[in-house]
Amino acid sequence: MKAAVHSRNASDNDRIFAWSLYADSIRELVEPLIKKERGVPWDENEESRRFEEIWVPQRTQILELEGQPIGWIAVNGEGGGAFLENFFIAPDFRGRGLGSAVLAWLKDQVGSGTIRANVVPGSRARSFYERAGFVVEQEATHQVTLVAQP
């Protein structure tokens, strides 16, 4: 990772930061899908409940720059590789190469294993991963699975 970006193990105390960044990052993309699929607009309480289902501090690293949390990454090991469950960088810190540095660090950690990530169709994340060498493995209405081979 770039020298200025550090990671630390997440704790329950990070939940509010993680939820806020998660909601701010995905709301615009998933709100039309929610309305289409469920017939209702984004509901903060419902989406917060759904977030609780994916928030697993034991698999999560909080990304910090100069002691300030700027993002988080949740990784689940899978058969010698990794599934990148969630990866968020705060908007004010995007476009600085920090996400690329974190992804390069993850590739180093995984070594010769495969890394997979799911993204919402139409998200900027897809082009981010493709620039990093990921290719589409599977594409569906609600998600695109990308994979990076060693």
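Good morning. I begin with the largest nonpolar core, which has 42 residues; Trp72, Leu84, Phe87, Tyr129 and Phe134 make the most contacts inside it. The model I am describing is a predicted one. Two or more residues of this core come from each of H1, strand S2 (60-65), strand S3 (68-78), S4, H3, S5, H4 and strand S7 (144-148). The greatest contribution, eight residues, is that of H1.

Consider Phe134 in particular. Leaving aside residues up to four places away in sequence, Phe134 touches Leu103, Lys107, Ile115, Ala117, Tyr129, Leu146, Val147 and Ala148.

I turn now to the aromatic residues. The structure holds eleven aromatic pairs. One of them joins Trp19 and Phe51: the ring centres are 5.6 Å apart and the planes meet at 55°, so this pair is tilted. Trp19 belongs to helix H1 and Phe51 to helix H2, so the pair ties together parts that are 32 residues apart in sequence. Trp19 counts as buried at 15% relative accessibility, and Phe51 is buried at 0%.

Trp55 and Trp72 form an edge-to-face pair, because their planes stand at 85° with the ring centres 5.5 Å apart. Both Trp55 and Trp72 are buried. Ring pairs link Trp19, Tyr22, Phe51, Trp55, Trp72 and Phe88 into a cluster.

Finally, the largest pocket. What volume does the largest pocket hold? The space amounts to about 1400 Å³. Its lining comprises 46 residues, with Ile26, Phe88, Asn118, Val119 and Val120 nearest the centre. H1 supplies the largest share of that lining, eleven residues. Thank you.

Note on methods. Residues are numbered from 1 along each chain as its sequence is written. This is a predicted model: local features need pLDDT of at least 70, side-chain atom pairs count only at pLDDT 80 or more; totals for chains, interfaces and linings use all residues. Side-chain values use heavy atoms; hydrogens and water are left out. On a 1 Å grid over the protein atoms alone, a cavity is a set of points where a 1.4 Å probe fits but cannot get out, and a pocket is an open set with protein on both sides within 12 Å along at least five of seven lines; lining residues have an atom within 4 Å of a point. Grid points are joined across faces, edges and corners, and a volume is the space filled by probe spheres set on the points. Helices (H or I, at least four residues) and strands (E, at least two) are DSSP runs, numbered from the N terminus. A nonpolar core is a set of buried Ala, Val, Leu, Ile, Met, Phe, Trp, Tyr and Cys residues joined through side-chain atoms within 4.5 Å. Buried means under 20% relative accessible area, exposed over 50%, partly exposed in between (1.4 Å probe, protein chains only). Contact means heavy atoms within 4.5 Å. Rings of Phe, Tyr and Trp (its six-membered ring) pair if their centres lie within 6.5 Å; planes under 30 degrees apart count as stacked, over 60 as edge-to-face and the rest as tilted.
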